[in-house]
Amino acid sequence: MDAFAAFSEFESLWSRLCPDSPFGRDEKEAQRAIHEADRLEALWDQTEAAGELLALLSSDPLRLSRLNHHLQRLPRFPESEGLLGEVELFEVKKFLHHYTELLGILSPEARGTFALPAPPEGLLELLNQGRQSAESFYLADAYDPTLAEVRARLRTLGERLAELQARQLGRIEELLGLRFGERPFLVLPQGDLATAKEAHALLELEPYDEGRVLVKPRILGEAWALREELEGLLARERVEEAQVLARLGAAVQKALPVLVACRRGVGTFDLALARTRLARELKLVRPVLTEGPVRIRGGRFLPCEELCARLGLPYTPLDAEFEGPVTVIFGSNMGGKTVVLKTLAFLQSCVQAGLFVPALAFETRLYRQCRFIGEGGEPGAQGLSGFGREIRQVVEALAHREGGLLLLLDEFARTTSSREAEALLGALLGDLSRAPGLLALCSTHFRGLPRDPAVAYRRMAGLRRAALEGMAESEDLETRIRRIDGLMDYRLVPDTGEQGLSDALAIAGMLGLSVEIVKKAQTLLGHG
Amino acid sequence: MDCWQGMDGAVTAVTGFEKGSGKTTFLDLALARLRPAGPVALFSIGLDGAQKSPGGNIRVLPGDVVLSSESLVRASDTRVELLEALPPRAGLGRLLLGRVLRPGSVTLAGCEHLSLLAQLLRRVREEGWAHSLLVDGSVNRWTQVAALGDLGFVFTARVDRANLARIAARMRSLAILDRLPIEPDSQALRWEGPLTAASLESLPRDLEALSLEDATKVFLEARELTRLLARVRLSLRRRLPLRGLVVSLRGLDRADFLDVLGEAASYVVFHPCEAA
């Protein structure tokens, strides 16, 4: 997983996209990063069409359940040329059965929307000869009169052999008092058979242990002859079956292009249904592709929203507009700067994977490259410090800016001298602001950053200081963190450059640093 | 003991203590005994079908469900209706689950992965393809077989003077384990993974109670197990019933053998092919 994917935590949503068929799952993997607007618009159209279909079927739960049933039972089938065996024919038949049933549930319009072609004509009927059930397959007698004839003779021989065996077992029981039943052999005390002359004629005897013998019915001459005939017929049956298999295999090969088109269509349809289900479950909306500014209204970073719900904390969706190519985000420690970056990364990942997005509205562009530089990013070469690794990542990202780059910098250069870091970051942002097709968001604490008119500056609204009173010294860490969450205003607001602090001292105090140290720090800052 | 009753409508792994233990004959007879109550499905674990007779070694009748491979079925005198296709297995080609259409003999073929077999067992029950399910097991994969879900065990063994002491000790251990209390929510020290002679050393000296996942996780000799039970109360969180110890005796008297087994004697079923 690359650094951007890890940072966005998109996998947590992607893993919840669950198509029912193997073809839907294949399609899902093929649609991880899409850069073509028309392809995305087509996918979103399909999601909407699948939504309309589900809405229609919601009043007919039986039909809906049949639809899911057939999708879930579609098997893979061989798509390469070559000899097909019984197993492969079984897979093709099973696929055709469920595919045909699926088409029967859908309207002609729905079939058109998802490019679901008619199945190859006559193939299912060909694979369904004899008294077969819809979901099973065997080389029935009905495929070939010679095969039927060979099998009829096999049946007759089998019956004669069974009769012979039953007659012999009857004689053994009558003459020797031995009842084999289903048992292939018996272990008896040696003395039991010593006097019976018939025993040697009817039974094969083998020593078992010191006092016992193993006996089994002797195969009689007539049975040997029947068995030999049977072996010959079994060999003939295999030859006849091979011919039927070749004939059926050729028919399947001929129909392969249509079968592949059916498979593609059903994959598209299945994945669209899965996207729709996900959109309904998580209240996702269709994004809008634009050449204008990136706009987020009510954007939700789902992992954080779900964590807040688990902890019983309120979650603040993101409203933001990123007009220019570069936006700097200042803000308190624990003030939500990183979550703003993560929200954009999450929404953009949804878009480029063909999903709807967790927002009230999201207007965005497409980016050929999405990069993240910050803590937890890609590991660098051995010998590089944290700062060195970041610099290398920037060099790499800039080399790929052609065709559109979304670059997220989370507290870039925080590990080096702040004066030099501010100068470096200022120069970098100035350079980025003149790059076409680029959107860079940079979170930072460096308030002394040189201001560039081409760069937009925002800040997190931060701590509601008026409500800071009343934190008891005895409160545990978890309570303190929850309290900071409760006092933090996570809205993104314009930054005029007038507010110079980032609540660091207040947060330090709230997290339990001694009052004396915090006061001393305030004095040193001249705010005491 | 009536092992058949427990096997009817359930999943049973039939495991031989060693080669020539009478397992295959027992499976044949089990099929015959279980069929009247409903179709029986037969599976195998980790079997290399190629080592067996290609013509087949298990007698099957129409309605039985078998896990085999396309090539093994084609080489046999039986024919099946395909119910499910499975991934290929090296040396055996495509595996299949089939319903027998013609009486004959077939060689079973095991899935490469037990998880796949577990899935298949569930499927067979859900679809109602079989009423009772038999798994041809292997004693050295006993622990893994437990991963297949709710199932019971039957062990087959051929006992002679040379192996009497060893086999009797194993049977006594199995019987002891089968009688341990089942306490899924036990508050005792929970032991995860196998319990071996070496791991006994790491148990606290003053330990009073120990909770194990199931009987297949115990790798102790009967003597070690008895010693442990003398000082620690053992319980299991999951029951895998022992449905029977099917024994073929060679050169041994039944009464003498049962004497040696002690309490485990109640699990013994003498091989149905042996006259009393």
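1. The interface. In this predicted model, 30 residues of chain B are in contact with 32 residues of chain A. The two chains bury about 2600 Å² between them. Of that area, 48% lies on carbon and sulfur atoms. On the chain B side, R74(B), L82(B) and C273(B) lose the most area to chain A. Together these three make up 23% of what that side buries.

2. Start of chain A: S8(A). Helix α1 of chain A covers residues 3-8, and S8(A) lies in it. The relative accessible area of S8(A) is 0%, so S8(A) is buried. What does S8(A) touch, once neighbours within four places in sequence are left aside? The partners are F301(A), A345(A), F346(A) and S349(A).

3. E9(A). This residue sits in the loop between α1 and α2 of chain A. The phi angle of E9(A) is near 55 degrees. That is a positive value, and E9(A) is not a glycine. Is E9(A) buried, partly exposed or exposed? E9(A) is partly exposed, because its relative accessible area is 32%, which falls between the 20% and 50% cut-offs.

4. Helix α3 of chain A. This helix spans residues 22-30. Buried residues in α3(A) are P22(A), F23(A), G24(A) and K28(A). Note that a lysine is on that list. The buried residues pack against three helices of chain A: α2 (11-14), α6 (86-105) and α13 (256-282).

5. A115(A). Here is another positive phi in a residue other than glycine: the value for A115(A) is near 50 degrees. A115(A) is found in the loop between α7 (108-113) and α8 of chain A. Relative accessibility is 54%, so A115(A) counts as exposed; the cut-off for that class is over 50%.

6. A142(A). The loop between α8 (123-126) and α9 (145-176) of chain A holds A142(A). A142(A) is partly exposed, with a relative accessible area of 48%. Beyond four places in sequence, A142(A) touches Q129(A) and G130(A). R131(A) is 11 residues from A142(A) along the chain. Their C-alpha atoms are separated by 8.8 Å.

7. α9 against α12 in chain A. Helix α12 of chain A runs over residues 221-254. How do α9(A) and α12(A) pack? The angle is about 155 degrees, and the axes are 9 Å apart. α9(A) is therefore roughly antiparallel to α12(A), since the cut-off for that class is over 145 degrees. The crossing of α9(A) past α12(A) is left-handed. By class, the contact between α9(A) and α12(A) holds 12 nonpolar, two polar and 10 charged residues.

8. α12 against α13 in chain A. These helices pack at about 60 degrees, with axes 5 Å apart. That makes α12(A) oblique to α13(A). From α12(A), the contact uses V252(A), Q253(A) and K254(A). From α13(A), it uses L256(A), P257(A) and L259(A). The contact of α12(A) with α13(A) counts four nonpolar residues, one polar and one charged.

9. α6 against α9 in chain B. Helix α6 of chain B covers residues 164-178, and helix α9 of chain B covers residues 254-261. Their packing angle is about 55 degrees, with the axes 9 Å apart. α6(B) and α9(B) are therefore oblique to each other. α6(B) passes α9(B) in a right-handed crossing. Which residues make the contact? On α6(B) they are L164(B), A168(B), M171(B) and R172(B). On α9(B) they are F257(B), V260(B) and L261(B). The contact of α6(B) with α9(B) has six nonpolar residues, one charged and no polar.

10. A10(B). This residue lies in the loop between α1 (3-7) and β1 (11-16) of chain B. Is A10(B) buried or exposed? A10(B) counts as buried because its relative accessibility is 14%, and the cut-off is under 20%. Not counting residues up to four places away in sequence, A10(B) touches R125(B), H131(B), S132(B), L133(B) and R243(B). E263(B) is 253 residues from A10(B) in sequence. In space, the two are 25 Å apart, C-alpha to C-alpha.

How values were computed. Residues numbered from 1 in each chain as written. Chains lettered and ligands numbered in written order. Predicted model: local features only at pLDDT ≥ 70, side-chain atom pairs only at ≥ 80, totals over all residues. Heavy atoms only, no water. Axes fitted to C-alpha atoms, helices over the stretch in contact; angles between N-to-C directions. Helix = DSSP H or I, 4+ residues; strand = E, 2+ residues; numbered from the N terminus. Parallel < 35°, antiparallel > 145°, perpendicular 65-115°, else oblique. Left-handed = near helix turned anticlockwise from the far one by under 90°. Contact = heavy atoms within 4.5 Å. Nonpolar A, V, L, I, M, F, W, Y, C, P; charged D, E, K, R; others polar. Buried < 20%, exposed > 50% of the residue type's maximum accessible area, 1.4 Å probe, protein only. Buried area = accessible area lost by both parts, 1.4 Å probe.
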